[in-house]
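Hi there,

Here is the structure I promised to pass on to you.

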Amino acid sequence: QITYQFARNAMVGGGGNSSELRFLDSAQAVGLFDSSERGGNLFYAHRIAERHYLGVNYTFADLVTHPIEVDTKVQTATVFYSFYLSPRISFSAFGGADHSDTQGGLLPSLNTWSPTEGGGINVQGMQNSVAFTFSRSINPGGGLESAVHSYSTNVAYRHHFSTHLNG
């Protein structure tokens, strides 16, 4: 992941990921498949006012299952907005469209569009921070033959132990 602030009120960034999912005993994981996933994302953010940010984000994921070769490509385009209530408290929301295309294996070809949306809040203290996010989107299936529609929430807590140690 890399981010570059090229102007006082604007930044771009992007990144990539790669993962492998392998089941040790396929007899115990009936209906689940080994898989390989590759993906990436790009974003642009612009400060439109002192405490208001607006931007766009694009993500791409390619999931291939094994030994039955099913290839699922997921693309997402969203617009996001962030508001800083104070330097330590921010709210954000996003919305856009997901597209998935599944080919191969025993399944018929499947091409779907779906809305995606979500948001969150981030609170930072002197030593601690907490973030809560929620979303609805299409994601790679994680062992299933195709992409899935998912609802997710995430809570993250971070503590600043010392100058060089966060956890």
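**Charged pairs**

Let me start with E20, which is partly exposed at a relative accessible area of 43%. Please keep in mind throughout that this is a predicted model. The partner of E20 in a salt bridge is R22, with the closest N and O atoms 2.6 Å apart. R22 has a relative accessibility of 44%, so R22 is also classed as partly exposed.

A second salt bridge joins the side chains of K73 and D62, at 3.6 Å from N to O. K73 belongs to strand β5 and D62 to strand β4, so this pair ties together parts that lie 11 residues apart in sequence. K73 is partly exposed, with a relative accessible area of 31%. K73 also forms a salt bridge with D71, and there the closest N and O atoms are 2.6 Å apart. For D71 the relative accessible area is 23%, which makes D71 partly exposed too.

Salt bridges with shared partners also connect E20, R22 and R38 into one network. The count of salt bridges comes to 5. As background, side chains of opposite charge can pair when their charged atoms come close.

**Around R38**

R38 sits in strand β3 and is partly exposed, with a relative accessible area of 39%. Which residues does R38 contact, leaving aside its neighbours within four places in sequence? They are N17, S18, S19, E20, F60, A61 and D62. One of them, S19, is 19 residues from R38 in sequence, while the C-alpha atoms of the two are 6.6 Å apart in space. A polar atom of the R38 side chain lies 3.3 Å from the backbone oxygen of S19.

**Aromatic pairs**

The model has 4 aromatic pairs. In one of them, the ring centres of Y53 and Y84 are 5.5 Å apart and the planes meet at 65°, so the pair counts as edge-to-face. Y53 is in strand β4 (residues 52-66) and Y84 in strand β5 (residues 70-86), so the pair ties together parts 31 residues apart in sequence. Y53 is partly exposed at a relative accessible area of 26%, and Y84 is partly exposed at 33% relative accessibility.

Another pair is formed by F132 and F134: their ring centres are 6.3 Å apart and their planes are at 35°, so this pair is tilted. F132 is partly exposed at 35% relative accessibility, and F134 is partly exposed with a relative accessible area of 42%.

Ring pairs also link Y4, F6 and Y44 into a cluster.

Which strands each supply at least two residues of the patch? They are β1 (2-7), β3 (34-49), β4 and β5. V12 is located in strand β2 (residues 10-21) and is partly exposed, with a relative accessible area of 32%.

**A buried serine**

Is S100 buried or exposed? At 5% relative accessibility, S100 counts as buried. S100 is placed in strand β6 (residues 89-104). The side chain of S100 makes a polar contact of 2.7 Å with the side chain of T112. Not counting residues up to four places away in sequence, S100 touches K73, V74, L110, N111, T112, I138 and A147.

Key: Residues are numbered from 1 along each chain as its sequence is written. This is a predicted model: local features need pLDDT of at least 70, side-chain atom pairs count only at pLDDT 80 or more; totals for chains, interfaces and linings use all residues. Side-chain values use heavy atoms; hydrogens and water are left out. Rings of Phe, Tyr and Trp (its six-membered ring) pair if their centres lie within 6.5 Å; planes under 30 degrees apart count as stacked, over 60 as edge-to-face and the rest as tilted. Helices (H or I, at least four residues) and strands (E, at least two) are DSSP runs, numbered from the N terminus. Buried means under 20% relative accessible area, exposed over 50%, partly exposed in between (1.4 Å probe, protein chains only). A polar contact is a pair of N or O atoms within 3.5 Å; within protein, one must be able to donate a hydrogen and the other to accept it, and residues adjacent in sequence count only if both atoms are side-chain atoms. Contact means heavy atoms within 4.5 Å. A salt bridge is a side-chain nitrogen of Lys or Arg within 4 Å of a carboxyl oxygen of Asp or Glu.
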